[in-house]
Amino acid sequence: MQRRAFLLAAPAVLTLARTLPAWAADTGADPFSGGVASGDPDPTGFVLWTRLQPTPLAFDGLGGMRAPAPVRWEVAADEGMRQIVASGRATATEAMGYSVHVEVSGLKPGRPYWYRFTAMGFQSPIGRAVTAPAHTAMPDQLKFGFVSCSHYEVGWFSAYRHLAAEQPDLTFFLGDYIYEYSYGPGRKDGIVRPHGVKEAATLAHYRQRYAQYRTDPDLQALHRASPCVATWDDHEVQNDYGGDVSQIVSTTPEQMRARRIAAYRAFYEAMPLRKARYDRGRLEINRKVRYGALAEFYVLDTRQHRSPMACMSATSRRAKVIACDERLDPRRSMLGMRQERWLYDQFAKADTRWNFVTQSLIAASFKQRAPDESLASWSDAWDGYPANRDRMIQAMDRTRLSNPVVLSGDIHSFWANQVAADPNQPTGRSVASEFVCTSITADNPPAQPFASVRADNPNVRFFERQCHGYASAVLSSKRMDVRFQTISDRLDPNATLSTLFAASVETGSTQIQI
Ligand code: FE
Ligand code: CA
């Protein structure tokens, strides 16, 4: 109502619109159909994001836009947007898919702000962003959520809605924010809303996919409520890809690199990332996000620079359970040697109370059951890259990294693990705790490989396979409390919430207390 009132009260803008280029094919439609977002906060500001998409599902991926459009942004100290503390203008252009990224600076540390955009005679919804505390300040607490694996077709995003209600200071998206493939009509049960485009593989497709996901009101509510920090996993490009190796045997590295360039560009356009991360098709997303003297988050890229998965056959490049020697080759890396060096350099400089390795894949060692019931390792996760994990563990030890915690997703189930110093001695010394969030909606894994996972792996302290939801944590200088939150039914748009698991970790100990 408020926004309509604004539109009617602004005849000058409408008159102007007729004399300027036709911004949009569908004149009169709200260009803010994808909502707003903020992210990558620092002590003086954050990135503000929106995208003009009056026709979000347009097949060219351009959201119904036809020409550059001016966008005004405002940041206020109050929820009612009365005390404007920063404002400016940007232009949404086709080159960046009509997305807008504004890097706001000069604000006060450790406090909430509110923001909105104005374009094409419309006002966006108001979002809430939060600056990080000053570098040396020790805040009383940090409330954060972490999520992964939202498949639009197979369920409603109720978990996002419930996390939004918690108003976390930060939300970490740990990968599979979109799914590139589609079940479509080929799947009989449990499709609540089809993707439309069968499989995203081009820039237009990926853009359209993000635009579609962002029309979801629950996802919009989460982005409005909380600044985010996003990394990717495989489905932002293609299932099980790694480096320039496609899961399709006939795809060449050149073809895969071209697909990656399109997918990474769409990811940059869709997320509140800083411009410095993106350079003409090159997107490097490993970075640090600091929350005062309390916590540093090392955000990793586990896909772009990895060695090919071990023990692939000539006929299939899919991830699988393996027990071959190639897995152990010390030259193989999940992060790539450059990112490894960067990470260990950051560990050496670390001076915060807590240190979070924030990334997509389960890091603790565990054995799962192969189809013949033998014990084996999953080639796609850190167990497929044990030499890299050993180097990371050694770097945590060598640098005496303060209170390391790993945050992970991908496996569509909840886990709480001790990361053992020696994977062959799972009950031995633990160097870190690990918390793995389940999927927002994506299908749970099959039962057989995990039927005896706790009995087979004493370092796995909690495991639940049949659930969807999110994880949230409250961090202080003394302890971290983690809850695994589940929704009642992904097929119910009004799904209710319950707490499945609660645990804590105290500083000075990596032991998960259940
Ligand atoms: Fe997933
Ligand atoms: Ca994945």
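**Figure 1. The second largest cavity in this predicted model has a volume of about 40 Å³.** A cavity is, on a 1 Å grid over the protein atoms alone, a set of points where a 1.4 Å probe fits but cannot get out, and its lining residues have an atom within 4 Å of a point; the volume is the space filled by probe spheres set on the points, which are joined across faces, edges and corners. The lining includes Asp240, Tyr241, Pro308, Met309 and Arg317, and by class it divides into five nonpolar, two polar and two charged residues. Here Ala, Val, Leu, Ile, Met, Phe, Trp, Tyr, Cys and Pro count as nonpolar, Asp, Glu, Lys and Arg as charged, and the others, Gly among them, as polar.

**Figure 2. The largest cavity holds about 70 Å³ of space.** Among the residues that line this cavity are Trp49, Arg51, Arg207, Tyr210, Glu269 and Ala270, and strand 2 (45–51), helix 4 and helix 6 each give two or more residues to the lining. Helices (H or I, at least four residues) and strands (E, at least two) are DSSP runs, numbered from the N terminus. The lining of the largest cavity has five nonpolar, two polar and four charged residues.

**Figure 3. The calcium ion (ligand 2) is coordinated by Asp176, Asp233, Asp234 and Asp410, through OD atoms at 2.2 to 2.7 Å.** Donors are N, O and S atoms within 2.8 Å of the metal (3.2 Å for Na, K and Ca), and since water is not among the atoms, sites may look incomplete. Aspartate 176 also bridges this calcium ion and the iron ion (ligand 1), the two ions lying 3.8 Å apart. Because aspartate 176 lies in the loop between strand 10 (170–173) and helix 4 (203–213), and aspartate 234 in the loop between strand 11 (228–230) and helix 6 (253–270), the pair ties together parts that are 58 residues apart in sequence. Both aspartate 176 and aspartate 234 are buried, that is, under 20% relative accessible area, with exposed meaning over 50% and partly exposed in between (1.4 Å probe, protein chains only).

**Figure 4. Strand 20 (residues 404–408) is mostly covered, five of its five residues being buried.** Pro404, Val406 and Ser408 point one way from the strand, whereas Val405 and Leu407 point the other way. Strand 20 pairs in the parallel sense with strand 17 (residues 354–358) over four bridges, and phenylalanine 356 stands opposite valine 405; two strands pair if DSSP finds at least two bridges between them.

**Conventions.** Residues are numbered from 1 along each chain as its sequence is written, while chains are lettered from A and ligands numbered from 1 in the order in which they are written. In this predicted model local features need pLDDT of at least 70 and side-chain atom pairs count only at pLDDT 80 or more, whereas totals for chains, interfaces and linings use all residues, and side-chain values use heavy atoms, with hydrogens and water left out.

Methods:
1 Å grid on protein atoms, 1.4 Å probe; cavity = no way out; pocket = protein on both sides within 12 Å on 5 of 7 lines; lining within 4 Å.
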